[in-house]
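Me: I've got a model open and want to talk it through before I set anything up. Can you walk me through it?

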Amino acid sequence: MSETAAAERPAASLSPEAGRTHGLPVAVLAELTHRCPLQCPYCSNPLELDRPKDELSTAEWQRVLGEMADLGVLQVHFSGGEPVVRRDLGDLVRRASEVGLYSNLITSAVGLTRDRVFALADAGLAHVQISFQASDAALANRIGGYRHGHAQKHLAAGWVREAGLALTVNAVMHRQNLHELPQIVDMAVTLGAQRLEVANVQYYGWALKNRAALMPTRAQVAECDRVVEEARERFRGVLTIDYVTPDYYADRPKTCMGGWGRQVFNISPSGKVLPCHAAETITGLHFDSVRDHSLGWIWEHSPALNRYRGTDWMPAPCRSCAHKDEDFGGCRCQAFALTGDAAATDPACALSPRHAAIFRTAEVEAETGTTRFIYRNPTGGTAEA
Ligand code: SF4
Ligand code: SF4
């Protein structure tokens, strides 16, 4: 595949040309594997995990990285599962650098060593995002379902900074860890992170299975808003905080992935091109594979990517709404999960006829729900002892 120099590549653009539903893709989430030593109950991987024997080979990923560059992609985010379990990760990072892609590693950090971090930096890795489950070690290890994981993350964050790589701390927040948000902010600053992602759980896949154990109370969400605002002010110029609010307590839905098939896409471990990590939860859609088509063909012609692009597919009330070009009707996966119809208005929107019911569900589950997790694993999940 191509050795196209970055300067000769098409320029990716966030805004599609007039009359088009999508532009060139800016970023790709490359899910190298669904294998992972952790078992987070909110994992964004599908309930049915890809098997190791079905994963794309090194040569296939290297070809696909070249195709990304040809298509105009600027950034590749190596993710999983846990991408570090792939022994060829360094080869893939090096290939990404050769074709002019900015590469980011999204990792639990379990399995990383100091030598590996420096080797990845040498291969051209620019940025590392480490997920933390909490700031208290016992709580973090319980949520991740992995003993000693928290200590390993602290070590790895130090190596990342020592290697001169940019660091983001990712913290997925829910009812059982929101009380630790101030400590998590302080931890990110102490670790030398430039960015903190405070990402409230989005409820599909494993998180939907665990919704009663994860759903925050309304008071927790209000406090989370306050803590984020205060921390943004206190650490201005030191730490950038990205904040994803919980959908169920919102009046307007999030602009999911910047619009379906509009700016970014995912590639699953077995090579399926998806508009987002949860899209396989929508039954009845066939997602094309890089094993069968080039990325360029898939981006333009895949029926699944074209299904909810733009605004023409929208039903009422989205069809005539002033916000339809801002949020693109919200999240299709959430619409499917909560209504059984992926084309329905996202129930997170106050204009959806189902909004009041899901808001009530959230409140009831937050007040009376269980604290026991169903841990994510290839057997379909294991209940916490
Ligand atoms: S969310 Fe947890 S279980 Fe899922 S891939 Fe990330 S670290 Fe592994
Ligand atoms: S009605 Fe549709 S387009 Fe309007 S705010 Fe709600 S989800 Fe967005």
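Predicted model: local features only at pLDDT ≥ 70, side-chain atom pairs only at ≥ 80, totals over all residues.

Me: Which are the closest to ligand 2?

Reply: Cys318, Cys321, His323, Lys324 and Cys349.

Me: And which residues are around ligand 1?

Reply: You'll find Cys36, Leu38, Gln39, Cys40, Cys43, Asn45, Gly80, Gly81, Glu82, Ser108, Ser131 and Arg376 there. By class, the shell of ligand 1 has four nonpolar, six polar and two charged residues.

Me: I was checking omegas. What's the peptide bond from glycine 80 to glycine 81, cis or trans?

Reply: That bond is cis, with omega near 15°. Glycine 81 sits in the loop between β2 (75–79) and α2 (89–98), and both glycines are on the list for ligand 1. There's also a cis bond between alanine 316 and proline 317, with omega about 0°. Proline 317 belongs to the loop between α11 (303–307) and α12 (324–327).

Me: Switching to the fold: what's the strand order in the open sheet?

Reply: Nine strands, ordered β7-β6-β5-β4-β3-β2-β1-β8-β9, with mixed pairing. The edges are β7 (240–244) and β9 (273–274); each has a single partner strand, so one side of each has no neighbour in the sheet.

Me: How many bridges join β5 to β6?

Reply: Six, between β5 (residues 166–173) and β6, and the two run parallel. Methionine 173 has asparagine 200 in β6 as its bridge partner. To get from β5 to β6 the chain goes through helix α6 (residues 181–190), and that β-α-β crossover is right-handed.

Me: Which side chains of β6 are buried?

Reply: They alternate along residues 195–200. On the β7 side, β6 pairs in the parallel sense over five bridges, and leucine 196 stands opposite isoleucine 241 of β7.

Me: What about β3 and β4, how many bridges there?

Reply: Four, joining β3 (residues 102–107) to β4 (residues 127–132) in parallel. Threonine 107 has isoleucine 130 of β4 as its bridge partner.

Me: Now helix α4. Which of its residues are buried?

Reply: In α4 (residues 137–144), Ala140, Ile143 and Gly144 are buried. Down the helix axis these buried residues fall within an arc of 90°, so they line one face of α4. In general, an α-helix has 3.6 residues a turn, so residues three or four places apart point the same way.

Me: What do the buried residues of α4 pack against?

Reply: β4 and α5 (149–162). Just after α4, glycine 145 has a positive phi of about 65°.

Me: Which residues other than glycine have a positive phi?

Reply: Methionine 257 is one of them, with phi near 55°, and phenylalanine 328 is another, near 50°. Methionine 257 is in the loop between β7 and β8 (264–267), and phenylalanine 328 is in the loop between α12 and α13 (332–339).

Me: Are those two buried or exposed?

Reply: Buried. Methionine 257 has 23 other C-beta atoms within 10 Å, and phenylalanine 328 has 25. The cut-off for buried is 20 or more.

Conventions: Residues numbered from 1 in each chain as written. Chains lettered and ligands numbered in written order. Pairing = 2+ DSSP bridges. Near = placed C-beta within 6 Å. Nonpolar A, V, L, I, M, F, W, Y, C, P; charged D, E, K, R; others polar. Buried ≥ 20, exposed ≤ 12 C-beta atoms within 10 Å, placed from the backbone. Arc of directions from axis to C-beta. Contact = placed C-beta atoms within 7 Å. Right-handed = clockwise from strand over helix to strand, strands pointing away.
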